[in-house]
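Student: I've never read a protein model before. Could we go through this one together, one question at a time?

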Amino acid sequence: MTEDAVVDDELLTIGAFAARARLSAKALRLYDRLGLLSPAHVDEVSGYRYYRADQAERARLVALLRQLDMPLARIAELVEADGTDAAALLAAYWTDVETRVAGQRTLAEYLRGRLSGRSSEMYGRFVVETVEVPEQVLITETRHTLADELPAWIGASLGRLEAAAKECGGVTAAPFVAYHAEVSMESDGPAESCVPVADEAAARAWAEKQGRTWQTKVRVEPARRLVYTRITKAQVAHPQIMAAFEAVEQWVAAHGLRYAGPCREVYFADWDTAGPDDPVCDVAFPVQRA
């Protein structure tokens, strides 16, 4: 009996099954190796693989999902799910893809602007101003994080600190995130979430109880002069926010100032209820005269 022969009414050789599934035998061997589609039977002597005819639909589904560049782990989860759940998993994956592609499209446009010498045109979209900020007592949480984990950590850490502020006399000003070093896909900061509170003694008592669980601490930040530009929720996304930071840096250099502390994002609006075009954040740098 050759490998391409039909073994019985139920089982097909890999060649016959490949023809029915409209795939190559090489692809089927790969799916087997990856754990995505195992043969119904493997001959112990010859090592030949045999499949049931009703496995063809799964084989085609795996092939189509691979054309979407879906990670193997997500394919394995999807093909084991029921119809409705499988459709929901595919929808969630494709939403992630579209979000990533939209970000890459925006990044490409940003880079084209830089490479073509249109940086000043991009920076001109941002209005840069200054503000004097009084001394503040801060409860903070610090973390080394890469850029892909940053948004989730910002939301979670500021949420924890704002809840803790109830024990510290309440929140007195807009929370902010300070960057003590670059946060990117190659550099992990650290970043520091900060919430200004009213009662320093209560804040220090709170921090004492926390120990080192979230790398929390209390510090008093001196009065600052901030140079900032206000951006919308849509502009907080990467790389739009990079252009905002660079616009402020350009303004600082043009006015002969020097930096007096880490750059920061000041979040003054309710993120969850804000729309894409609503102002939510100030991109800011503490400065002083050179």
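Student: At what angle do helix α2 (residues 25-34) and α3 pack?

Tutor: Helices here are DSSP runs of H or I with at least four residues, strands are E runs of at least two, and numbering starts from the N terminus. Axes are lines fitted to C-alpha atoms, for helices over the stretch in contact, and angles run from 0 to 180 degrees between N-to-C directions. The axes of α2 and α3 are 11 Å apart, and the angle is about 85°.

Student: Is α2 roughly parallel or roughly perpendicular to α3?

Tutor: Under 35 degrees counts as roughly parallel, over 145 as roughly antiparallel, 65 to 115 as roughly perpendicular, and the rest as oblique. With that angle, α2 comes out relative to α3 as roughly perpendicular.

Student: Which residues of α2 and α3 make the contact, and how many of them are nonpolar?

Tutor: Contact means heavy atoms within 4.5 Å. L28, L30, Y31 and L34 come from α2, while α3 brings A59, V62, A63 and R66. Nonpolar covers Ala, Val, Leu, Ile, Met, Phe, Trp, Tyr, Cys and Pro; Asp, Glu, Lys and Arg are charged, and the others, Gly among them, are polar. So the contact has one charged residue, no polar ones, and the nonpolar count is seven.

Student: Before we go on, what kind of model is this?

Tutor: Residues are numbered from 1 along each chain as its sequence is written, and side-chain values use heavy atoms, without hydrogens or water. Local features need pLDDT of at least 70 and side-chain atom pairs count only at pLDDT 80 or more, while totals for chains, interfaces and linings use all residues, since the model is predicted.

Student: How far does α3 reach from its first C-alpha to its last?

Tutor: The expected span is 1.5 Å times one less than the number of residues. For the twelve residues of α3 (residues 56-67), 16 Å is expected. The reach in the model is close to that, at 17 Å.

Student: How far apart should the ends of α9 be?

Tutor: α9 has 15 residues, counted at 1.5 Å a residue.

Student: Is D69 buried or exposed, and what is its phi?

Tutor: D69 sits in the loop between α3 and α4 (72-80). At 63% relative accessibility, D69 is exposed. Most residues other than glycine have a negative phi. D69 is not a glycine, yet its phi is positive, about 60°.

Student: Which residues does the cis peptide bond join?

Tutor: Most peptide bonds are trans. With omega about 20°, the cis bond joins G189 and P190.

Student: How far apart in space are R258 and F285?

Tutor: R258 lies in strand β10 (residues 257-259) and is partly exposed at 43%. R258 and F285 are 27 residues apart in sequence, but C-alpha to C-alpha the distance is 9.5 Å.

Key:
Buried means under 20% relative accessible area, exposed over 50%, partly exposed in between (1.4 Å probe, protein chains only).
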